[in-house]
Amino acid sequence: MNPLSDHVSARLPQLQQWRRDFHHYAESGWLEFRTATFVAEELHKLGYQLKLGREVIDADARMGLPDEAVLKQQEARALQQGALPQWISHFSGGFCGIVATLETGRPGPVMGFRVDMDALDLNESQADDHLPQREGFASCNAGMMHACGHDGHTTIGLGLASVLMAMKDQLSGTIKLIFQPAEEGVRGAKAMVAAGVVDDVDRFTAIHIGTGVPAGEVVCGSDSFLATTKLDVHFTGIGAHAGGRPEEGRNALLAAAQATLALHGLTQHSGGVARVNVGVLQAGTGRNVVADCALLKVETRGVTNQVNDDIYQQALRVIAGAAAMYGVEQRVSLMGAARSCTPTQPWVDFIHQQADALGIFDSVVDRKAQAAGSEDATYMMERVKQRGGQASYVIFGCELAAGHHNAKFDFDERVMPDAITLLATLALNQAQYGGSR
Ligand SMILES: O=C(O)C[C@H](NC(=O)Cc1c[nH]c2ccccc12)C(=O)O
């Protein structure tokens, strides 16, 4: 046994308790009020310096913010569910971000670690074969579910905070732990970058668990992120009597339906993988009324920023065309965005070497070929790289009960201590890093 593994092992019950609590009180993007107060309280108790809310989130750079009424109602819901009143004012109005800093007082780099805290807009399965349901920690919030593992990420962030504080005499430089809201829909990271949270970071590491990587494998420099743009489209037509005067109507429902079918055909690009998804289509108000309103929630993705931009421009033409076909108005709102981004090789090499040396992983690889998801941590990586720092994105493989974004998603909790062990090792052994900066 070594001191690090002792510290991690001693925290196993705490890790499970945190994770299951966050899972039970799942909160969607910009609404992580309860989660954020608990994270703040734990980090404060550990002795970290905290920056909260507006200090770490630029109000105007937030994308895809729920409206004022929802923010208010969800804050009240969080307080009813035990959110800590002494912290809530910092997060009020959709500012659920936290940056915890540990200055060791010894010279060394600023090491940044980023985790995300939000759930997805999804109803969790209530079937008996779904472990969180069986064990009583399935989401109690309708339409909100941790179906991507961010409950695990938040827990890994807190576990890392706890272990590093316990071993602070062996650290040098500065540790900066970033707890981000609203990763789903790629809405939160840009606002934290705009607030300057990574401007002083020399070596940046973001993480994800699962994503199809097998248990026991760690990907040290994932680079398969799709650039993406998220948009809401509002069609406004004219209502009319569907039997008596249909010709006087302008049908927003048909425009939305036409646009949806055409959008799903827009995935051809010689530059590589491109995707379009219409995840929500809402239209109309009554059976015998020509629908005067419709809403689409759309995303485009591409293997490069260029491919995504091209598909996005094509999507705008399709939307305008569908509106013209039916004589309705259309308005597009940008709801989120992320870039494709590659990690810096010297930092990937260091992570790889440290993961190998730990001996707790069956397989350590640099990258995975498959393009799959998007990530707004890419904004943070890009900023750190721009300023000459190192950045990577590490994926910890683990067994999943069902795929990401599925109502039966669940992950094997044993991935959490392994992730904490590697991340803590990067901080503890940073002096062994031989690359630039
Ligand atoms: O675009 C988003 O809303 C972000 C969201 N992000 C993730 O799901 C995280 C993720 C990144 N890479 C992978 C690969 C597989 C599953 C999940 C991911 C996504 O891609 O839908």
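A polar contact is a pair of N or O atoms within 3.5 Å; within protein, one must be able to donate a hydrogen and the other to accept it, and residues adjacent in sequence count only if both atoms are side-chain atoms. The model is predicted, so local features need pLDDT of at least 70 and side-chain atom pairs pLDDT 80 or more, while totals for chains, interfaces and linings use all residues. Residues are numbered from 1 along each chain as its sequence is written, and side-chain values use heavy atoms, without hydrogens and water.

Select the ligand. Around the ligand are 14 residues (a heavy atom within 4 Å), and the closest are Glu-183, Gly-185, Lys-230, Arg-301 and Ser-374.

Next, show Lys-230: a polar atom of its side chain is 2.7 Å from a ligand oxygen. Arg-301 also places a polar side-chain atom 2.7 Å from an oxygen atom of the ligand. At His-405, a side-chain N or O atom lies 3.4 Å from a ligand oxygen. The protein buries 89% of the 450 Å² that the ligand exposes when taken alone (Shrake-Rupley method, 1.4 Å probe).

Then select Glu-413 and Arg-19. Their side chains form a salt bridge, 2.9 Å from N to O (a side-chain nitrogen of Lys or Arg within 4 Å of a carboxyl oxygen of Asp or Glu). The whole structure has 21 salt bridges.
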